[in-house]
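Hi,

Here is the model I promised to pass on. Have a look at it first, and then read my notes below.

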Amino acid sequence: MIYVAYLDEFGHVGPYIGRSDPRHNTSPVFGFAGFIMPADAVRGFGTWFFKRKAELFARPMKQSPKHPATWERKGSQLFRAAAVQNKRNVREIPGRMFREIKRLKGKVFYVGIQKTASPSEHRVHGLYSGMLREAIWRLDQFCGAEGGSNARFFLALDEYSGRQELLTQVSRDMYGGQDPRRALIEPPFHLESHRYQTVQTADWIAALVGRLGAYWVEPAVWPENNVFERYYGDRLREVQVRSGIRRENTGEPGRCRAGTVWL
């Protein structure tokens, strides 16, 4: 079995102090989210997503000078709390997307972390690289569990400025050490999102997970994101595999209980 995984970033890779901080206030979490699917189902799913997107955005796509195949709407713009609460067509699309991924024997996947480092100690590339390597390790484990020694996967990502150093590190993980990533066929491909319906799907999933992640780790700070937990929390848990967001283990109200580190 050959799988293809499509991932995009969720949250924000920069430091976070608090929502009221004048500079470092974007998101308390960072990670990667998307989906993994058998390769022979990818084309059909891309067509399905394109049709649903065309239904949802018929007017702006028609008015745009861009060809419909390269028109995109970012998940961060689409999945806002007010839109999910008040617009039924927006609210329903994630559930339809999850069902189609499940029907095609795919899985939703995400891995992330609650950011706790101070701005002076925060390392953007280290965080990005660490989370991506964790994602690859988990996907490698998924392939081993699903297909044994015969399952393999390709990984596609949105473009990233630190691509060269990242690919070098992933190549080392693939071929070196005591626990090489045997199921990863090649180092990740970096793709332009507007040209790939599948990368846009990963972007939409990442936007949802980013909203959920902020609520999961700081529910009192991001209360409006409760709408995402209400509509999508259980649905996401039904289709996800080897996923989680590691959070700070303080035992305080609003934080995780002692001994609980993954959501």
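A quick word on terms before the rest: I call a residue buried when its relative accessible area is under 20%, and exposed when that is over 50%. Phe30 sits at 0% relative accessibility, so it counts as buried. Keep in mind that this is a predicted model.

Now the overall picture. The protein has nine helices and six strands. Its radius of gyration is 18 Å, close to the 18 Å that the globule rule gives for 263 residues, so it is as compact as a globular protein of that length. The C-alpha trace spans about 50 × 45 × 35 Å along the principal axes. Of the 263 residues, 51% count as buried. If you take the contacts with a separation of 6 or more, 73% of them come from residues 24 or more positions apart.

S3 pairs with strand S2 (residues 29–38) in the antiparallel sense, over eight bridges, and Val108 in S3 is the bridge partner of Phe35. S3 also pairs with strand S6 (residues 244–246), this time in the parallel sense and over three bridges. There, Val111 stands opposite Gly244 of S6.

Then the aromatics. I count 15 aromatic pairs. In one of them, Tyr6 and Phe35 have ring centres 5.2 Å apart and planes at 25°, so the pair is stacked. This pair links distant parts of the chain, with Tyr6 in strand S1 (residues 2–11) and Phe35 in strand S2, 29 residues apart. Tyr6 and Phe35 are both buried.

And what about Phe30 and Tyr128: how do their rings sit? Their centres are 6.1 Å apart and their planes are at 35°, so this pair is tilted. It too joins distant parts of the chain: Phe30 belongs to strand S2 and Tyr128 to helix H6 (residues 124–147), 98 residues apart. Like Phe30 with its 0%, Tyr128 counts as buried, because its relative accessibility is 2%.

One last thing to look up in the viewer: Phe49, Phe57, Trp71, Phe79 and Trp204 are linked into a cluster by ring pairs.

Cheers

Note on methods:
Residues numbered from 1 in each chain as written. Predicted model: local features only at pLDDT ≥ 70, side-chain atom pairs only at ≥ 80, totals over all residues. Heavy atoms only, no water. Pairing = 2+ DSSP bridges. Helix = DSSP H or I, 4+ residues; strand = E, 2+ residues; numbered from the N terminus. Phe/Tyr/Trp six-rings, centres within 6.5 Å; stacked < 30°, edge-to-face > 60°. Buried < 20%, exposed > 50% of the residue type's maximum accessible area, 1.4 Å probe, protein only. Rg over C-alpha atoms; globule rule 2.2 N^0.38 Å. Contact = heavy atoms within 4.5 Å.
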